[in-house]
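Hi everyone, thanks for coming. Let me put the structure up.

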Amino acid sequence: MYVLECTWPEDEAAIIHKDEQRLVPLEYFFPAISPLSPKAALDLLQQKKNLLIEDQSFDGKFFENVNFQRAFQYLSRFAYTEDFDPFLFRVGTTKGSPLICLKTLLDHCDVPDPSWAILHYFVSFLSSQLRDCEQSDFCNPDACGEDLPGFKNFVMKLTIRMSVDLSTPSISANLKRLTTEGNTSQYQLRRKWEQSLYPFLFFNEDRHCMTLIGMRVTRNGQLMNPRTGTVLDEQFMTPDLGAALYAQGFRLQENYEDWPKERKIEALCSVMGLPYGEDPDPSYELTADNMIKILAIHMRFRCGLPVVVMGETGCGKTRLIRYMCSLQAQSTGARNVLLMKVHGGITRNDIIRKVHEAQLRAEYNA
């Protein structure tokens, strides 16, 4: 059904010949809205200018949103190095102001001028990790405070850093210059996965236990470079917590790059909530770099965030996805991967048909 509306100017003096056909672009009748970036919205707030309601840049809907408030309240304590043990976020509580909230989120997002989408991904990922931390008995000071002193503070420190690494894009692109100049030279790599030496902490699928990867810590709480033996962080954890973790049997002197393939598969299954089974593809070289990438993809999916895997032809993107899907499907035998090669002959209908097929297969697997 098509609905056509003929709109005449309100000024009668402008109506000269009503019977004549008038051609007016449709967008002429739409309201003119100039969306603000988070940084531009923050600048207006700092200038004490009210944001236009129609801009909807950082209105009450975002400021009072449970994910934004949870991330903001924890980041505020982190910024002032306050103790996390006595703090527990309560759903429905609103603290701070739009100015302070937005500034805090931008200060910790680690992207100089993020879009609203990137900021939303960072907040959603961080809020999901913080919620898992709240549910874990290991992060409950009343349950484990005496045995693991300061463990919640340690987990929060890792969670915030990991949220930045896994929720924001690995590349940065000047989209304005990219559009005008028409080349991909503006893409810049923000991080290299294979050069990441900072440890990761993943909450397992049961949201209770956790998997530590890349944790090479001395009894005094120093984080060491597993390759060179140099100190990366002098105060990575308190000496009391380091001694307590060693006493509890935590493996804090492992170099995950030296793990055998079976140990890497065990870590993947623990985080993804899979029963440990056989290697789905013995010919696949599961490097430490690929293991972290698979976990990063899984964690983004768990938080409801989109994933784009980029790389040169033949670098192993499809093989990595196939291995991840095979590992997840080996216990059920489900067909959970659908490949589509896009080339010049692919039409819009071909893509729609393939996406519909993937949706039906996902519903069947569920």
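**Helices and their neighbours**

Let's begin with helix H12, residues 317–329: it has 13 residues and spans 19 Å from its first C-alpha to its last, close to the 18 Å expected at 1.5 Å a residue. Do keep in mind that this is a predicted model.

Which residues of H12 are buried? They are Leu320, Tyr323, Met324, Cys325, Leu327 and Ala329. The cover over these buried residues of H12 includes H10 and helix H11, residues 288–302.

That brings us to H10, which runs over residues 261–272 and holds Leu268. Leu268 counts as buried because its relative accessibility is 0%, and the cut-off for buried is under 20%. Leaving aside residues up to four places away in sequence, Leu268 touches Leu286, Met291, Ile294, Leu295 and Leu327. As for His298, it is 30 residues from Leu268 in sequence, with 9.6 Å between their C-alpha atoms.

Now for another pair, H3 (residues 66–79) and H4 (residues 98–109). At what angle do H3 and H4 pack? The angle is about 70 degrees, and their axes are 9 Å apart. H3 is therefore roughly perpendicular to H4, since angles of 65 to 115 degrees count that way. On the H3 side, the contact is made by Phe68, Ala71, Phe72, Leu75, Ser76, Phe78 and Ala79, and H4 brings Ile100, Cys101, Thr104, Leu105 and His108. By type, nine of the residues in this H3–H4 contact are nonpolar, three are polar and none is charged.

Thanks, and I'm happy to go back to any of these on screen.

Note on methods: Residues are numbered from 1 along each chain as its sequence is written. This is a predicted model: local features need pLDDT of at least 70, side-chain atom pairs count only at pLDDT 80 or more; totals for chains, interfaces and linings use all residues. Side-chain values use heavy atoms; hydrogens and water are left out. Helices (H or I, at least four residues) and strands (E, at least two) are DSSP runs, numbered from the N terminus. Buried means under 20% relative accessible area, exposed over 50%, partly exposed in between (1.4 Å probe, protein chains only). Contact means heavy atoms within 4.5 Å. Axes are lines fitted to C-alpha atoms, for helices over the stretch in contact, and angles run from 0 to 180 degrees between N-to-C directions. Angles under 35 degrees count as roughly parallel, over 145 as roughly antiparallel, 65 to 115 as roughly perpendicular and the rest as oblique. Ala, Val, Leu, Ile, Met, Phe, Trp, Tyr, Cys and Pro count as nonpolar, Asp, Glu, Lys and Arg as charged, and the others, Gly among them, as polar. The expected span of a helix is 1.5 Å times one less than its number of residues.
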